[in-house]
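Subject: Two-chain model, handed over

Hello,

My notes on it follow below.

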Amino acid sequence: MIILEAGRTDTNYWRDLWTYRELFAILAWRDVSVRYKQTAIGFAWAIIRPLITMVVFTVVFGQLAKLPSVAGVPYPLLVFAGTLPWFLCASILGDASNSLVGNSHLIGKVYFPRLIIPASAAIVALVDFAVSMVILAALYLWFGYAPGWQIILLPLFIVLGVAASAGPALLLAALNVKYRDFRFLVPFIVQIGLYISPVGFSSSVVPEAWRLWYSLNPMVGVIDGFRWCLLGGDSAIYWPGLVLSVAISATLLAIGVAYFRKTERAFADVM
Amino acid sequence: MGSDVVICAAGLGKKYLIGHSAGRDGNMSFREVVGDTVRGATRAIARLAKNQQIVVGASTEEFWALKDVAFNISRGDVVGIVGRNGAGKSTLLKILSRITEPTEGRVTIRGRVASLLEVGTGFHGELSGRENVYLNGAILGMRQAEVRRKFDEIVDFAGVEKFIDTPVKRYSSGMYVRLAFAVAAHLEPEILIVDEVLAVGDAEFQSKCLGKMKDVAGHGRTVLFVSHNIHAVERMCSKVLWLTQGRAAPMRSDVAIATGEYLYGAKSATVQAVWQGDNNVAANAYFDLTRVVVEGTAEQHVADGVFSNAENIKIIIKGYLKHPDPALNFGFDLFTSSGDHIIQSYNTDVPQAEWWKPTRGAFELQATLPRRTLNEGTYRLEIFASIHNKQWLLEPGSNCPSVVFKIQGGLSDSPFYVSKRPSLLGIVLPWQGQMRNAPAESPSMALSE
């Protein structure tokens, strides 16, 4: 039995979400299979974009700016260990925050927990991420580099990366429904973020006194964690920064989910 | 609530805010909100300083799309929801389908609901027909296993076997709609909510859909059905819920009478061949309308407003011209009782030399509908007026005065043609027949005009 009433907090929300798991799966599958339709090289895009970014950043930061790598780690590998999580998070932020507007025809015509839509956009980013792991394997072979045991902890940092980007993405997605201004803000955030996050350089180049402040950007913890896992512990982890990253990501996620749930009942009215 | 009541609505209302802060496309820009907030705060501070109340009349206007709507729907009911545009039908369906939430009141629903507010929701052009069937099925709330089981049946119903692995963007619009409806037609919810989806496809496909819907209803499921097609409502529904400007009249089971009343826009479907002077309806700057009347030309009428088909029917429009304009014209639309639009006529249909010359003062316009043009039945006539190509003064479907009259008997002078024909019109055509005396030819009647 369903009761529809104004401002009723849906006690069944999470159970509903489970009921709609098939819809979630099929929407995620739709988004994945449509993403590279009618492109000539298809999934190769998921490889080319991070690969070119890696090359450019290696040249700019490694060769021109001559920033130091971590001891014993080739600069391209250092950059790529940062590019991987960056593309994952940037895609989640960019795609999920536009996903509601892109699916407005669904929202206006059928009911389902709206959380499914940005979630399926995040799945697409994860699939792209998995594909670009191929480059990582190739780089390991090329440089004859063997990762350490730390690599088995990578899934934890993937979760952290998803959490760090999902919170802001949900918030922006919900805001975007009402105020289309945020559509213009998101690419801007992603562009700035690429330079203020330690993608092209190691966060160890940041002066010690500023390290904690620098870690207010949750991406710092995510990228440092990735490097720690992928570069066999050669890249040391800055623990206070990581703790701060986790705390900020969790807070953003809580805010994002709360705001999303508060506004989602009115999405169809303001679409 | 009784055990077999599946939908119970009480005090249901839905408010929308309209006004300057809701932009033209309904999306506020962030700047507007920030601006409003800043302006609001400044004003509030100013008012505080003057020791006045902070809250004053909001700059937005409230609009109740639904208000105080209450009804109970029992298991197995097939309910037709009727009402003019903007009466709140779609809003009601959106609340019942959980797309939007009510502003006040509550609805209790028992059973699995599937809503069909559109055919082909979520269809993606890049995906094949097969993929879209699964996608659309999931969107409409079907389990994947259920779609798999019914897949062949769905494709068969749509008649697109050959193209099932082609992207739907290559489909003709007919194929697209057929496939989309086929998926929807195989939904098996306990409660089905349908909005106007029968208004797609060709006539043959529409009747196929209607048949399918009837099937669904026949299996003890509850159906809520919005349509402008009153025929469909009359044929399918066991109850009618009539919405007027967001308010619902009590649910009725006398479907035929209720749909009749809906069509005639009157409280009762009685014949009323005279309209006189309610100028609130017809108010405009050019003229006052005083009287519209339909008259028969026979000496003896069957009854008031009831004419024999053997009479010429005169349509007389009387009024007072306040502001003559050479482009001012009048006309009428004639509808059958089932809503078919059979005639539209303007007073300027005749050669220009015969047009009236509008001047200030009382006027009378008259049109004659030749005898034996119409069939037996009840007809509704709406008077409209416009400044040609510029502006409606009495706009069809909006503020037109209308009259209702009935044709009964007098169908022909022939002993063979005495009962109502199934056709829309009952015109008696001038037939001629004569024998040709060439022996080789079979006896036949020659046609000539």
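**Where the chains meet**

L4(A) stands opposite V107(B) in strand β4(B). That position belongs to an antiparallel pairing between β1(A) and β4(B), residues 104-109 of chain B, which runs over 4 bridges. Two strands are called paired if DSSP finds at least two bridges between them; helices (H or I, at least four residues) and strands (E, at least two) are DSSP runs, numbered from the N terminus.

Before the rest, the ground rules. This is a predicted model, in which local features need pLDDT of at least 70 and side-chain atom pairs count only at pLDDT 80 or more, while totals for chains, interfaces and linings use all residues. Residues are numbered from 1 along each chain as its sequence is written, chains are lettered from A and ligands numbered from 1 in the order in which they are written, and side-chain values use heavy atoms, with hydrogens and water left out.

In total, 40 residues of chain A are in contact with 45 residues of chain B, contact being heavy atoms within 4.5 Å. About 3,700 Å² is buried between the two chains, and carbon and sulfur atoms give 58% of that. Buried area here is the accessible area (1.4 Å probe) that two parts lose on being put together, summed over both. On the chain A side, I2(A), L4(A) and K109(A) lose the most area to chain B, together 18% of what that side buries.

There are 5 salt bridges between chain A and chain B, each a side-chain nitrogen of Lys or Arg within 4 Å of a carboxyl oxygen of Asp or Glu. E22(A) forms a salt bridge with R143(B), with the closest N and O atoms 3.6 Å apart.

**The sheet in chain B**

Chain B has an open sheet of 6 strands in the order β5-β6-β7-β3-β8-β9, with mixed pairing. β5(B) (113-116) and β9(B) (247-248) stand at the edges with a single partner strand each, so one side of each is left without a neighbour in the sheet. At the β9(B) end, 2 bridges join β9(B) to β8(B) (residues 239-244), and the two run antiparallel. T244(B) has R247(B) in β9(B) as its bridge partner.

Helix α2(B) (residues 89-96) packs on this sheet and touches β3, β5, β6, β7 and β8 of chain B. The direction of α2(B) makes about 150° with that of β6(B); axes are lines fitted to C-alpha atoms, for helices over the stretch in contact, and angles run from 0 to 180 degrees between N-to-C directions.

Regards
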